[in-house]
Amino acid sequence: MPSSSTGQNRHSHSSAPRALVTGGAGFIGSHLVDSLLADGYHVTVVDDYSTGRRENLESLGNRDRLTLIEGSVGDADLVRSLVSQPDEVYHLAAAVGVALIARQPIATIERNIYPTELLLAELAREWSEGHSVKLFLASTSEVYGKNPKPVWNEEDDLVFGPTTRPRWSYGASKAIDEFLTLAYWRERRLPIVIARFFNVVGPRQTGAYGMVLPRFVGAAVRGEPLLVHDDGKQQRCFAHVRDVVRAVRQLMQTDSATGRVFNIGSDRPVTIGELAQMVCRIAGSRSSIEYCSYAQAYDDDFEDVRRRVPDLTRLKQTIDYQPDYDLESIIEELVERMKNEK
Ligand SMILES: NC(=O)c1ccc[n+]([C@@H]2O[C@H](COP(=O)([O-])OP(=O)(O)OC[C@H]3O[C@@H](n4cnc5c(N)ncnc54)[C@H](O)[C@@H]3O)[C@@H](O)[C@H]2O)c1
């Protein structure tokens with residue numbers, strides 16, 4: 001078994017580090033790929049383009065060090081062939097977004113559990129054969145479920161609703177991923193880092209799967225109504241994807257982060273109603289703000305989380321986490337981009 005999580009990879013043919021990014025053609029994955037390439041990595045992306053897009057990777061620099069593989073992390077032969085090279089593996093491939101989950105509960109559960117299981121087993125085999133490799137697992141604030149505490153820290157209870165409401169399957173499936181990943185660390189000493197992302201936003205995020213900010217900005221720019229679900233008093237915190245990616249990269253480079261779970265995001269809450277107003281103001285839009293019930297937006301048994309705010313103490317004790325972007329600057333950037341794309 002390797003003695004260090006950061007030692008020389010026995011499979012490396014050059015001194016440049018190698019990373020494998022699952023879901024690398026997705027929103028967060030493509031920004032992570034960008035950051036790794038900029039730092040001199042050779043990067044392999046595996047993506048089945050279920051929600052990811054080829055164009056997310058087309059404009060990146062340093063593409064000579066990028067290998068794109070179209071395929072699924074649920075394909076055992078493919079996963080086995082991919083894990084022999086990298087020094088670092090970033091597992092972001094998943095079914096994401098409450099709208100997708102409401103529409104396709106089977107795919108959500110299957111996509112979020114089996115591929116993680118497969119990847120961990122293959123990495124543990126590599127590790128036991130002397131290949132020094134470290135895994136990052138992208139988890140989610142959804143694992144806290146509807147915990148009533150105003151601010152959530154990593155040791156708080158997971159509080160899910162009943163299994164008859166498919167919405168909880170996303171958080172529960174990601175919680176299984178976390179249990180499994182932590183088990184591989186405890187039992188096999190496979191080096192891992194887990195981060196629970198809170199709402200991540202920025203360029204390349206699509207509103208097609210229910211993500212609120214791109215939906216609002218798109219509507220405001222087009223002069224269409226902004227549709228707020230329920231009473232608009234739900235509270236969320238929005239972090240720029242580049243700040244989140246920087247935190248992920250720092251955690252992977254910090255030995256004391258190994259084997260642990262971290263919240264990553266912004267800790268500045270805003271209500272969804274306020275968010276709609278901010279978007280209209282910043283976009284200079286005369287769009288109306290309209291309200292609809294969860295039953296109209298999703299289905300009759302949809303249940304939401306009223307407040308979702310991370311405690312960032314552990315993150316800030318472990319790395320130097322100072323976000324570069326506040327919510328206003330995030331909205332300004334998105335408005336500018338969407339106006340140019342019109
Ligand atoms: N965006 C957020 O606010 C947020 C919040 C919490 C957690 N996360 C987590 O971050 C990760 C990335 O999310 P995102 O927002 O970039 O979503 P995304 O949908 O843009 O990215 C997911 C990517 O995974 C790919 N994919 C899905 N299943 C696959 C499979 N079996 N094999 C290969 N590729 C597959 C998709 O095509 C897509 O490119 C996910 O694990 C998600 O759970 C995101």
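Helices (H or I, at least four residues) and strands (E, at least two) are DSSP runs, numbered from the N terminus. This is a predicted model: local features need pLDDT of at least 70, side-chain atom pairs count only at pLDDT 80 or more, and totals for chains, interfaces and linings use all residues. Residues are numbered from 1 along each chain as its sequence is written.

Start with the whole protein. Its secondary structure comes to 12 helices and 13 strands. The radius of gyration, taken over C-alpha atoms, is 20 Å, close to the 20 Å of the globule rule (2.2 Å times the number of residues to the power 0.38) for 342 residues, so the protein is as compact as a globular protein of that length. Along the principal axes, the C-alpha atoms fill a box of roughly 60 × 45 × 35 Å. Of the 342 residues, 45% count as buried. A residue is buried if 20 or more other C-beta atoms, placed from the backbone, lie within 10 Å of its own; it is exposed if 12 or fewer do, and partly exposed in between.

Now turn to helix α9, residues 272-283. An α-helix has 3.6 residues a turn, so residues three or four places apart point the same way. G284 follows α9, and its phi is positive, near 60°.

Next comes the ligand. Of the 28 residues around the ligand (C-beta atom within 6 Å, placed from the backbone), G23, G26, G52, A93 and A94 come nearest. The elements giving two or more residues to this shell are α1, β2, α5, β5 and β7. The largest share, 3 residues, comes from α1.

Helix α5 also holds T116. T116 is buried, with 25 other C-beta atoms within 10 Å. Leaving aside neighbours within four places in sequence, T116 is in contact (C-beta atoms, placed from the backbone, within 7 Å) with H91, D177 and L180. T116 and S287 lie 171 residues apart in sequence and 42 Å apart in space, C-alpha to C-alpha.

Notes: Two residues are in contact if their C-beta atoms, placed from the backbone, lie within 7 Å.
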